[in-house]
Amino acid sequence: MTSRPRTDGKLPLTELADMKARREPIVMVTAYDYPSGRIADAAGIDVVLVGDSAAMTVLGNDSTVPATMEEMLMLTRAAARGAKRPLVVADMPFGSFQVSDEEAVRNGVRFVKEAGADAVKLEGAGATLSRVMALVGAGIPVMGHVGLTPQSATMLGGFRAQGRTAEKARELLQDARALEAAGCFAVVLEAVPAQVAARITASLSVPTIGIGSGRGCDGQVLVFHDLLGLYDGKAPRFVKRYADLAAETRGALERYAAEVRSGAFPSDEHTYSIPEDELAAFEDTFSGSRAESRTET
Ligand code: KIV
């Protein structure tokens, strides 16, 4: 069996820690709208992340930095309408939590109240730790994110693997532990060497969700558009493509265009009709003086 058995109702947040204890992999995927949320739900996905990767995959920006609160709220609202059983985690965009604990809580509350998110995700450690504590204190579950944190990619020297020296790996371990101590219910490890990620995973009591961080994490996440072949930008090496929907979609649109141009679409099958007598009466409108007098007035 490749997918979890469907159960009614929302997956309890505490189930993720139980899954870690049972060594049952947690499956997370990003989704940004109603159909993707609904498909993720139907596929038995455990956690739907409305990632700020939407800034690139959906909105066409070059990085995640331009994502705004209003954009993320709209995308989260739509995905949450579709994803009934999976936990819905909203990614807090750059600028929505950096300034102060108060602003982080204000924006976190908006994701839960206005958009139907079950939890939020914040990138980084350091100053982020006090934001995590403030959010958790306000009753909002928080997922942490360390390793390659795209919002601060410039500071990290670009989109590259993190924790590749003993010192950097130790720093990552400390950050992940600090996030757990601050109250995170799970931590994303992005682009971390597999051996380091496995060590961090074993030393945390909360689950780790890996992306480009190997099999030793408690769960995995991929970006919807990457795994379905819908994103035409350069995909990182850790992306596995499970479909080529861009090619399939383009093929369908080309067939549609060709059929419209040739007159093959719409056929009778896709067309409504009117009863003969009603049609005849309607045709009268155009015959003789009635049609002419109508045109004159
Ligand atoms: O924005 C996003 O999609 C993410 C995942 C890659 C973890 O943060």
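Leaving aside its neighbours within four places in sequence, Asn-107 is in contact with Met-69, Met-92 and Ser-96. That is our way into this structure, which is a predicted model. Asn-107 sits in helix H5, the run covering residues 101–113. With a relative accessible area of 10%, Asn-107 is buried, because the limit for that label is under 20%.

Once neighbours within four places in sequence are set aside, the contacts of Leu-75 are Tyr-32, Asp-33, Val-50 and Ala-54. For a sense of scale, look from Leu-75 across to Phe-286: the two are 211 residues apart in sequence, and their C-alpha atoms are 50 Å apart in space.

Of the 297 residues, 43% count as buried. If you consider the contacts with a sequence separation of 6 or more, 58% of them come from residues 24 or more positions apart.

Now let us turn to the ligand. Which residues surround the ligand? They are Thr-30, Leu-49, Gly-51, Asp-52, Ser-53, Asp-91, Lys-121, His-145, Ile-211 and Val-223. By type, this shell divides into 3 nonpolar, 4 polar and 3 charged residues. Some side chains in the shell can be followed down to their atoms. In the side chain of Asp-52, an N or O atom is 3.0 Å from an oxygen atom of the ligand. For Asp-91, a side-chain N or O atom is 3.1 Å from a ligand oxygen. Lys-121 also takes part, with a side-chain N or O atom 3.0 Å from an oxygen atom of the ligand. How much of the ligand does the protein bury? Taken alone, the ligand exposes 260 Å², and the protein buries 96% of that.

Finally, some backbone details deserve a visit. Most residues other than glycine have a negative phi, and most peptide bonds are trans. Arg-23 is not a glycine, yet has a positive phi of about 60 degrees. You will find Arg-23 in the loop between helix H1 (15–22) and strand S1 (26–30), where at 77% relative accessibility Arg-23 counts as exposed. Ala-191 also has a positive phi, near 50 degrees, and its place is the loop between strand S6 (186–190) and helix H8 (194–203). Is Ala-191 buried or exposed? Ala-191 is buried, with a relative accessible area of 7%.

The last stop is a peptide bond: the one from Phe-265 to Pro-266 is cis, and its omega is near 0 degrees. Pro-266 lies in the loop that runs between helix H10 (245–262) and helix H11 (276–284).

Technical notes
Residues are numbered from 1 along each chain as its sequence is written. This is a predicted model: local features need pLDDT of at least 70, side-chain atom pairs count only at pLDDT 80 or more; totals for chains, interfaces and linings use all residues. Side-chain values use heavy atoms; hydrogens and water are left out. A residue is near a molecule or strand if one of its heavy atoms lies within 4 Å of it. A polar contact is a pair of N or O atoms within 3.5 Å; within protein, one must be able to donate a hydrogen and the other to accept it, and residues adjacent in sequence count only if both atoms are side-chain atoms. Accessible areas come from the Shrake-Rupley method with a 1.4 Å probe; for residues, only the protein chains shown count as cover. Ala, Val, Leu, Ile, Met, Phe, Trp, Tyr, Cys and Pro count as nonpolar, Asp, Glu, Lys and Arg as charged, and the others, Gly among them, as polar. Buried means under 20% relative accessible area, exposed over 50%, partly exposed in between (1.4 Å probe, protein chains only). Contact means heavy atoms within 4.5 Å. Helices (H or I, at least four residues) and strands (E, at least two) are DSSP runs, numbered from the N terminus.
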